[in-house]
Every structure is written in structure tokens, then in C-alpha cells.
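Could you walk me through this structure as if I were seeing it for the first time?

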Amino acid sequence: MARKANFCKQEKLEQAMTLFWSKGFANTSINDLTETLAINRFSLYNTFGDKETLYYQALDNYLSSISFPKLEPLRAEGLV
């Protein structure tokens, strides 16, 4: 049975987003991710899957927490 993660998944997604943003997807290694997120490989794979899945989760997190909320005033006015 897998143990419960001892870290905030949301926080790690934000850290990964910043790393992908600064280095790009192709130039970000698994070692970069484990060092930046301060988690081991097992935790990274167990929580997020592979690097591509983590990238998409970080992107979804960005859209739902930053991008889409900023569009709400425009949607409310019928501009988007």
C-alpha cells in the first residue's frame, strides 16, 4: 500500500510550473524536478506520473488558478 505524500501537491505543481517556465519542457530533467520540488523520484512518479503528465498537470493548474480567473471580468461583460 502506498504511503500518503508528506507534501502539498498544489505547492509542488506551482514549483514545477516555474521550473518548466524557466527551462522549458525539453531542458527540464527528472533530476531538475526532484531537486527543485525537494522530493525523491519515487514520490514524483507516484504522485504525478511521468514528466509529461507532471507538465500537463502544472499547465492545468496554471490555467485554473491564474489564467482563467483573470478572464472572468471579461466573461461577465460578454467580451470573451
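Author: Welcome! This is a predicted model, in which local features need pLDDT of at least 70, side-chain atom pairs count only at pLDDT 80 or more, and totals for chains, interfaces and linings use all residues. Residues are numbered from 1 along each chain as its sequence is written, and side-chain values use heavy atoms, with hydrogens and water left out.

Reader: Which side chain of opposite charge is nearest to Lys-51?

Author: Lys and Arg count as positive, Asp and Glu as negative, while His and the chain ends are not counted. Lys-51 is buried but has no salt bridge. Buried means under 20% relative accessible area, exposed over 50%, and partly exposed in between, with a 1.4 Å probe and protein chains only; a salt bridge needs a side-chain nitrogen of Lys or Arg within 4 Å of a carboxyl oxygen of Asp or Glu.

Reader: Then which backbone oxygen does the side chain of Lys-51 reach?

Author: Lys-51 belongs to helix H4, residues 51-76; helices (H or I, at least four residues) are DSSP runs, numbered from the N terminus. Its side chain comes to 2.7 Å from the backbone oxygen of Thr-28.

Reader: And over which ring does the charged end of Lys-51 sit?

Author: A charge sits over a ring if NZ of Lys or CZ of Arg is within 6 Å of the ring centre and within 35 degrees of the ring normal. For Lys-51, the charged end is 4.3 Å from the centre of the ring it sits over, that of Phe-25.

Reader: How many aromatic pairs does the structure hold?

Author: Rings of Phe, Tyr and Trp (its six-membered ring) pair if their centres lie within 6.5 Å; planes under 30 degrees apart count as stacked, over 60 as edge-to-face and the rest as tilted. By that rule, the number of aromatic pairs is 5.

Reader: How many residues apart in sequence are the parts that Phe-20 and Tyr-55 tie together?

Author: Phe-20 and Tyr-55 pair edge-to-face, 5.2 Å centre to centre with 90 degrees between the planes. Phe-20 lies in helix H1 (residues 9-23) and Tyr-55 in helix H4, so the parts tied together are apart in sequence by 35 residues.

Reader: Is Met-17 buried or exposed?

Author: Met-17 is found in helix H1. Its relative accessible area is 15%, so Met-17 counts as buried.

Note on methods. Helices (H or I, at least four residues) and strands (E, at least two) are DSSP runs, numbered from the N terminus. A polar contact is a pair of N or O atoms within 3.5 Å; within protein, one must be able to donate a hydrogen and the other to accept it, and residues adjacent in sequence count only if both atoms are side-chain atoms.
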